[in-house]
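Reader: I would like to go through the terms used for this structure and see what stands behind each of them. Please show it to me before we start.

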Amino acid sequence: MRPSDIERGERLLYRLTEFGRLLWEAGIYVGPRQMLDLVETLKYIDLTVKEDFYNTLKCCLLTRHEQEAIFDQMFHYFWFVRDNPNKKAKEKKGAVKREERRLRLPPSERKRLAEHMNTSDVRNEIRNDPRQTERRRYQDDQDADQEDDQGDPQGTAYSTIEKLRKKDFEDYSWDEVQEAKRLMAEMRWHLGMRPTRRKAPARRGGYLDMRRMVRRNLKYGAEMIELTRREIKMKPRPLVIICDISGSMSLYSRLLLHFIHTISNGLLNVEAFVFGTRLTHVTRQLKKRDVDDAVRDVSKAVQDWSGGTRIGDALHYFNQHWARRVLGRGAVVLIISDGWDRGDASVLRVEMDRLQHSCHRLIWLNPLLGSPDYRPLTIGMKAALPFVDDFLPAHNLNSLIHLGNILSSIDDSRPVRSPVARRKAVEAWTRRNNSSGM
Amino acid sequence: MEQELVSHFTTIEDVQKAMFSHSYIADRSLATAVFLALKRRKPLLLEGEPGVGKTEIAKVLAAILDTKLIRLQCYEGIDVSTAVYEWNYTRQMLHIRLMEASGTKHEEEIKEIFGPDFLIRRPLLQAIDPANARPPVLLIDELDRSDEEFEAYLLELLSDFQITIPEIGTISTEEPPFVIITSNRTREIHDALRRRCLYYWIDFPTLEKEFAIVRARMPEASERLARQVCTFVRELRSMDLYKAPGVAETLDWISSLLALHQLELVEGSVRDTLGALLKYQDDVLKVGNSDIGKILQKIRGL
């Protein structure tokens with residue numbers, strides 16, 4: 001091996017780790033273990049064949065199909081655009097410097113990447129109104145300080161909480177929003193259980209545990225005297241949340257995102273989607289522990305924040321691309337929307353029908369349902385209502401607590417979905433004679 | 001011997017050719033993935049729409065390596081006793097009776113009933129049996145159907161290729177099997193398992209590739225019919241269907257057409273045989289309502 005060969009080899013290693021970091025920045029989380037593995041694997045292929053090199057990297061570093069578009073772009077940029085040969089001479093001088101510089105894509109590439117990842121920096125800035133956020137954060141800090149001074153960590157008396165629970169989210173002041181967020185974070189969630197097909201050892205149960213039985217009864221000879229049993233294991237149902245974030249929901253959507261965040265972190269198996277005119281999968285963003293980080297990430301991922309609504313199209317997309325992936329195992333679906341729909345009502349009807357058929361329970365939360373004189377008469381809401389199992393308000397904390405109770409009471413029994421029952425339910429919801437004083 | 005067979009494949013082309021000789025048309029990228037899985041002895045995780053040939057790869061691989069294929073079909077509730085091993089309880093109980101009747105009840109004999117003779121070997125245990133003449137191909141089919149618990153167990157097995165049976169001890173093999181895992185994504189496979197595998201997404205084939213597949217699998221179909229069928233299926237895939245037809249459906253359809261002695265696509269027989277391609281009533285209606293004659297005309301114009 002000539003010295004130049006060694007150099008080349010090390011250079012490749014360096015470049016590979018750099019590439020790994022770039023992928024990491026783009027949201028493809030490549031671990032050191034995978035990098036080591038890749039290096040092992042590269043021994044087996046001819047590095048001079050671009051296609052093979054590309055395929056091998058892809059095979060070793062990717063873990064899901066969705067990453068392919070981003071990877072392709074990064075691969076092309078990193079290995080073929082960034083260091084074109086006529087730049088090489090300059091590079092030698094700047095080699096040390098380059099190590100310190102953070103790996104950053106040039107703006108043009110970033111824009112293209114952003115399109116791939118459904119993010120748009122520009123839109124985000126407009127949408128979030130950074131000044132306001134800044135102000136809020138400042139206020140937040142001050143509040144915290146004040147609380148420290150007063151030495152009252154809870155800060156709120158019971159009766160205030162009680163009032164807050166009944167107050168519509170719409171009428172919240174900034175402080176109240178903070179308090180509501182805190183209360184939400186304290187809520188505990190349980191989802192109805194479903195029987196799995198697995199069995200676990202138990203004191204009593206319908207199945208004999210042969211393995212333990214033979215062992216335990218060896219001492220008696222061939223008689224089976226002590227019986228050991230197994231019972232069907234129960235597991236919570238998966239929950240799928242599909243939340244409307246269009247313009248008409250803007251008063252509620254941020255707080256509802258907080259709510260979704262607490263649910264996703266409190267329950268084992270939650271998939272979350274948001275939609276306006278298009279559907280975005282936000283489960284990964286909401287996995288972040290810190291709720292503010294999570295909500296920020298969600299708004300980055302969403303392109304149609306506070307835009308129009310096309311519920312039918314969003315549900316169509318969901319049914320086509322996600323239903324099979326997330327609705328297995330008796331899932332409960334939670335749609336949060338006010339039902340203001342600019343799309344085609346017939347599409348919405350068909351898609352709601354399909355959605356109801358593929359889930360265990362379909363719950364529709366409507367924030368407007370909180371006001372006593374609201375009637376679900378918009379075209380969208382009317383089209384969707386016959387296919388809803390539960391139609392509930394979501395305008396204040398009490399309604400969310402009520403939702404919690406319903407979720408935990410979901411059992412094995414299928415909700416009645418006969419035409420007659422449907423018609424009756426819709427009539428009741430439209431007349432609102434069951435309006436509770438929440 | 002098995003070493004020879006694997007080392008026989010020194011390049012990606014070798015793998016591609018060998019797969020081709022067993023009527024499997026693989027892209028270079030897929031051949032690369034298979035080649036690396038062979039060389040690195042790493043599990044290969046295949047995802048893709050149903051009917052694009054995920055399971056078939058394992059079969060072809062077993063054929064080109066001239067080894068046996070051990071298939072584990074996953075389902076909800078699959079557990080150790082159906083996937084790994086189970087004791088033969090009936091035999092155990094009979095044996096205890098016999099021992100009692102003959103009056104012998106030594107420690108040794110009691111140990112015996114938890115010996116290899118009373119063990120029922122399920123696919124995973126078979127796959128790492130040291131007695132295997134050459135490493136088998138282990139196909140773990142539709143892993144997404146199993147529960148998280150089973151996936152966690154698999155994680156352990158795939159990293160060490162050893163199984164511990166408390167009564168016997170640890171069973172492991174020098175020659176780990178070639179593992180192919182498939183998933184239809186009805187549930188997300190956990191990241192930890194994904195990272196231990198080579199990943200490959202099998203897409204719907206291009207027109208040319210599908211044509212080659214049809215020619216290889218259905219040599220009795222005329223070139224004309226094969227081309228028309230492939231183009232038609234591609235048209236369908238571009239429509240917004242609930243379940244787009246896969247390659248398996250294409251092959252199914254062409255054999256239905258052959259059974260009806262069709263030499264080329266005619267609207268009537270297309271309508272009659274749509275059920276071989278489309279598996280949802282909504283899709284059948286959608287395609288049925290669209291102008292099939294126009295699509296056919298377009299195809300014939302090609």
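**Terms and the values behind them**

Author: In this predicted model, 5 residues of domain 1 of chain B are in contact with 5 residues of domain 2 of chain B.

Reader: What makes two residues count as being in contact?

Author: The test is whether their C-beta atoms, placed from the backbone, lie within 7 Å. On the domain 1 side of this boundary in chain B, the residues divide into 3 nonpolar, no polar and 2 charged. The C-alpha centres of domain 1 and domain 2 of chain B are 35 Å apart.

Reader: Which stretches of chain B belong to which domain?

Author: Domain 1 of chain B takes in 2-76 + 122-202, domain 2 is 85-120 and domain 3 is 207-301. For chain A the assignment gives domain 1 (3-117), domain 2 (195-235) and domain 3 (239-431). Between the C-alpha centres of domain 2 and domain 3 of chain A there are 42 Å.

Reader: Which residues make the contact between α11(B) and α12(B)?

Author: From α11(B) they are L207(B), E210(B), F211(B), V214(B) and R215(B). From α12(B) they are A226(B), R227(B), V229(B), C230(B), T231(B) and R234(B). By class, this contact has 6 nonpolar, 1 polar and 4 charged residues.

Reader: What is the crossing angle of helix α2 and helix α3 in chain A?

Author: The axes of helix α2 (residues 32-42) and helix α3 (residues 50-61) of chain A cross at roughly 145 degrees and come within 9 Å. The crossing of α2(A) past α3(A) is right-handed. In this contact α2(A) supplies Q34(A), D37(A), L38(A), T41(A) and L42(A), while α3(A) supplies T56(A), L57(A), C60(A) and L61(A). The classes here are 5 nonpolar, 3 polar and 1 charged.

Reader: Why is N217(A) called partly exposed, rather than buried or exposed?

Author: N217(A) has 18 other C-beta atoms within 10 Å. Buried requires 20 or more, and exposed requires 12 or fewer. The count of 18 falls in between, and N217(A) is therefore partly exposed. N217(A) is found in helix α12 (residues 210-217) of chain A. Beyond its neighbours within four places in sequence, N217(A) is in contact with E223(A), M224(A), I225(A) and E226(A). In chain A as a whole, 29% of the 438 residues count as buried.

Note on methods
Residues are numbered from 1 along each chain as its sequence is written. Chains are lettered from A and ligands numbered from 1 in the order in which they are written. This is a predicted model: local features need pLDDT of at least 70, side-chain atom pairs count only at pLDDT 80 or more; totals for chains, interfaces and linings use all residues. Domain bounds come from an automatic or database domain assignment. Ala, Val, Leu, Ile, Met, Phe, Trp, Tyr, Cys and Pro count as nonpolar, Asp, Glu, Lys and Arg as charged, and the others, Gly among them, as polar. Axes are lines fitted to C-alpha atoms, for helices over the stretch in contact, and angles run from 0 to 180 degrees between N-to-C directions. Helices (H or I, at least four residues) and strands (E, at least two) are DSSP runs, numbered from the N terminus. A crossing is left-handed if the near helix is turned anticlockwise from the far one by less than a right angle, and right-handed if clockwise.
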